[in-house]
Amino acid sequence: MKYIEEVLNRVMINNPGETEFHTAVREVLLSVEPVVLSHEKEYREIQLLERLVEPERIISFRIPWVDDAGRLHINRGYRVQFNSALGPYKGGLRFHPSVNQSILNFLAFEQTFKNALTGQAIGGGKGGANFDPKGKSDREIMAFCQSFMSELFKYIGPNEDVPAGDIGVGSREIGYMYGQYKRLTNQYEGTLTGKGLRYGGSLVRTEATGYGLVYITEEMLNAAGRTLKDSIVTVSGSGNVAIYAIEKAAAMGARVVTASDSDGYVYDPDGIKLDVLKEIKEEKRGRISMYADMVPSAGYFSGRKPWEVGCDVALPCAIQYEMDLDDAKKLVSGGCIAVAEGANMPVTEDATMYLQSQGVLFMPGKASNAGGVAVSALEMSQNSMRIKKSFEEVDNQLQLIMKDIWQQVITAAHDYGRDGNYVAGANIAGFRCVVKAMREQGWV
């Protein structure tokens, strides 16, 4: 049996029922097979792949909190500290009912390679809780965040683990958690990123993932002789990633015609009105259906996804596995030429393979979603130096980082005879970086 097959079997045995994690590991290991085959004897001897697929540490804990009616609730919290070969663990905290061990293992594993591509000194981690922020008051959110941090603070620090936000965790939640961290540790330090600008946050952090997604999408299109200018773009989601991907794509001349949430999507043939979308999601914290009530040109489609709308470029920015094979087929039939992942693995494995087989340009989230964590690392450095960089300085650094990631992806794909396969390129580039660091530190 091949070494990769042995490790994949072991992952399934050691992590029963963790289908998301199984899929993530299989996708990476099959992509890096040419690298593994050329070093198989060495990697077997030191059990490299076994080390690579096993988290360094998994923390699980209960989170008691009281709602506005005085009722006690118990949720479960996690932090997966996957790999620290390149630096302190770095990765978001997710508050969503779907959060479980499998999803966080998958996200932390992915984060390890994504962070490697940024060129920053950060390892891979992920965390969160099976808590649903929807419909909760500010006081309930604060109570939950403070209880969550009362346990998590024992395991994080500026040189150990630096969490950030993710789905369900924005600046409000980061603020509540950071305040509790300071109360418990008596330390004012860069232990969380995504903080408010008044207390150590970085300009561009809110926009970073969406902007970075658009920057690398433009690089991919340019290499194929295309551009975002005058392109029709469909976007899923309506959180930070989606909002700022829409903003930057529109600024680069694209017409973005959709946005969505878990209830359905809106289609605005004249282009999504960003001020309306921000008012609904950032101020009113409402549902996307409100957009159609406020904009006469828009239609709302309940229980459906935006991939049925004809487009040139699709940017899935909502949640994992939101685009399946049927969705991919609709995109191809609608004339889509490029897909770039704004969320963490939003496209299923079979959908990815289908899109690639049809000649659709496809950029995986390890590369295209990396802008957020890249600017988080820049926030860490600003905190350490007690400085604040301008919006233009940080945005310019973000653009350079995304251009560098693009170069790494195409170079790695070319080195192993997989030109145009950006999934393989991203996985190989990240893998080589992490393995080199592990080797030089004594195969830690």
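Mentor: With a relative accessibility of 23%, Ile167 counts as partly exposed; buried means under 20% relative accessible area, exposed over 50%, and partly exposed in between, with a 1.4 Å probe and protein chains only. The model is a predicted one, in which local features need pLDDT of at least 70 and side-chain atom pairs count only at pLDDT 80 or more, while totals for chains, interfaces and linings use all residues. Residues are numbered from 1 along each chain as its sequence is written, and side-chain values use heavy atoms, with hydrogens and water left out.

Ile167 lies in the loop that joins strand 5 (161–165) to helix 8 (171–185). Here helices (H or I, at least four residues) and strands (E, at least two) are DSSP runs numbered from the N terminus. When neighbours within four places in sequence are set aside, Ile167 is in contact with Leu93, Arg94, Phe95, His96, Ala318 and Ile319, where contact means heavy atoms within 4.5 Å. Between Ile167 and Asn421 there are 254 residues in sequence and 28 Å in space, C-alpha to C-alpha.

Another loop, between strand 11 (313–316) and helix 13 (325–333), holds Tyr321. Although Tyr321 is not a glycine, its phi is positive, at about 60°. Its relative accessibility is 26%, so Tyr321 also counts as partly exposed.

A positive phi in a residue other than glycine occurs at Trp443 too, with a value near 55°. Trp443 belongs to the segment after helix 18, and it counts as buried because its relative accessibility is 14%.

Helix 18 itself (residues 422–440) meets helix 17 (residues 391–415): their axes come within 7 Å and cross at roughly 100°. Axes are lines fitted to C-alpha atoms, for helices over the stretch in contact, and angles run from 0 to 180 degrees between N-to-C directions. Helix 17 and helix 18 are therefore roughly perpendicular, the class for 65 to 115 degrees; angles under 35 count as roughly parallel, over 145 as roughly antiparallel, and the rest as oblique. Helix 17 contributes Trp406, Gln408, Val409, Ile410, Ala412, Ala413 and Asp415 to the contact, and helix 18 contributes Tyr422, Gly425, Ala426, Ile428, Ala429 and Arg432. By class, the residues of this contact are 9 nonpolar, 2 polar and 2 charged; Ala, Val, Leu, Ile, Met, Phe, Trp, Tyr, Cys and Pro count as nonpolar, Asp, Glu, Lys and Arg as charged, and the others, Gly among them, as polar.

Turning to helix 1 (residues 3–14), one finds Ile4 there, buried at a relative accessible area of 7%. Not counting residues up to four places away in sequence, Ile4 touches Leu29, Leu30, Glu33, Val36 and Leu49. Its C-alpha atom is 43 Å from that of Ala250, a residue 246 positions away in sequence.

Of the 444 residues, 57% are buried. Among contacts in the chain with a separation of 6 or more, 71% join residues 24 or more positions apart.
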